Amino acid sequence: MNIRDTEIIAQTLAESGYIESPSIEKAHLVVLNTCSIRAKAEQKVFSLLGSLRKAKKRNPALKICVAGCVAQQEGQKIIKRMPHVDLVIGTQHIYNLPTLLRQSSKHSNIAINLSDTYEIPRFVPRLSTADAQAGSPAPPLDMQFSRFVTIMQGCNNFCTYCVVPYTRGREVSRNVKDIIEEIRKSVDSGVCEITLLGQNVNSYGQSNSVMTNGLPCSFSMLLRQVAQVDGLKRLRFTTSHPKDLSDELISCFAEIDNLCPQFHLPVQSGSDAVLRRMNRKYTTTDYRRKVEKLLNARQDLALTTDIIVGFPGETEQDFQQTIDLLEDIRYHGSFSFKYSDRPGIKASHLDGKIEEHVKGERLQIFQKRQDEISLERNKEYIGKSLLILVESVNYNKLAGRTATNHIVHAGLSPSQVIRPGEFVNVLITSAGNHSLKADLLP
Ligand code: SAH
Ligand code: SF4
């Protein structure tokens, strides 16, 4: 979500005449788009701001703007702690950055109000340089073939460990017409893969009653319409909340050809007691049942998840249940984190905080086992022929992605001319725990 927001910030600035600077020394403006999901991400912001103080001393005309979730959460406190910061803008204000920059002064250098009736502004992606060079045989090197499209913002779920409902506000879905227009424009300019983005895409359309063809639009209805955009080869989405994963969405995996066989379904913990305290609103039995249905709809689905270890009150037995779930489902991969206390979240008031070293040990145990399972899973692809979308070509090597979102590296002979954005068939020859190696097929 932050990567996409940063692209939007860059585009709105470019439309107002800003050009990208090769270095901080030469820049007139630095924007830090920040994340506050865990304490470590926030600490990085303040340490980077500390080093920007020197840049500002050397060049007093430099403007420094802090955007995103840390800006939303800390507001005025950022300027108190770091007086060299010129502007603080919250998560709902990124589309107005150029205007805010013009208006900012010593008296009005903060825009962090969150609105419950926020409407995501209409946004048309900048045409890639490919359009400017229509007819040219080779796409430009900076062309992107894979893009994110935000379909909703905010969250209403209030998982007790999470700052997102406070930093991004209530859930708001974009209307179908704007989403399709953004995707069509991207595809017309050469993009072949789209990832739809939201904190919980499964509840798309519900909070502000999005309609399509006179009917309330569910996420699976949106997915079916997006999939039909002419020229769209691959469609993905993230993230899904298990409690809102419907049978209707599961059947999309059996029915939509360009929907990639990949699903990120964060479980967070394998213990029902912990899930209850996290306010996740499903049990591990519900979760396992949904996974089974997904795999019935699409046998080649690559499943990934998010895990938090060391949530307050997590016992050794609770943690063991998370390992048991990992052993049963055998995720292709996962993102796992030590529970991090954040300001304002309910879990920060819970008893039974787990000591840092215990969290560290549990994380290590989980990640070691996940790495082994990822490797075993990846080895299952050896000997298979797969279609990859080429992302980069470097001398005699290329890297691309499978439909299941696995990274593949392959060698190139000097006579082979392949460009990013092409689909090529490869034969998988070996596997690591984070990527696959392959030979190109004729
Ligand atoms: N909306 C997404 C998650 C966004 S945050 C969803 O519900 O899946 C991404 C991940 O960060 C979460 O899935 C969770 O695993 C992790 N996370 C969030 N808050 C955290 C915290 N306080 N400490 C540790 N990990 C956290
Ligand atoms: Fe955070 Fe839960 Fe919302 Fe995801 S669903 S953003 S974890 S509150």
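Colleague: Is Phe-158 buried or exposed, or in between?
Modeller: In this predicted model, local features need pLDDT of at least 70, side-chain atom pairs count only at pLDDT 80 or more, and totals for chains, interfaces and linings use all residues. Side-chain values use heavy atoms, without hydrogens and water. Buried means under 20% relative accessible area and exposed over 50%, with partly exposed in between (1.4 Å probe, protein chains only). Phe-158 has a relative accessible area of 31%, so the residue is partly exposed.

Colleague: Which residue has its charged end over the ring of Phe-46?
Modeller: A charge sits over a ring if NZ of Lys or CZ of Arg is within 6 Å of the ring centre and within 35 degrees of the ring normal. The charged end lies 3.8 Å from the centre of the Phe-46 ring and belongs to Arg-81.

Colleague: How many residues does domain 2 bring to its contact with domain 1?
Modeller: By an automatic or database domain assignment, domain 1 spans 2-111 and domain 2 spans 116-260. Their C-alpha centres lie 26 Å apart. With contact taken as heavy atoms within 4.5 Å, domain 1 gives 16 residues and domain 2 gives 21 residues.

Definitions and conventions:
Residues are numbered from 1 along each chain as its sequence is written. Chains are lettered from A and ligands numbered from 1 in the order in which they are written.
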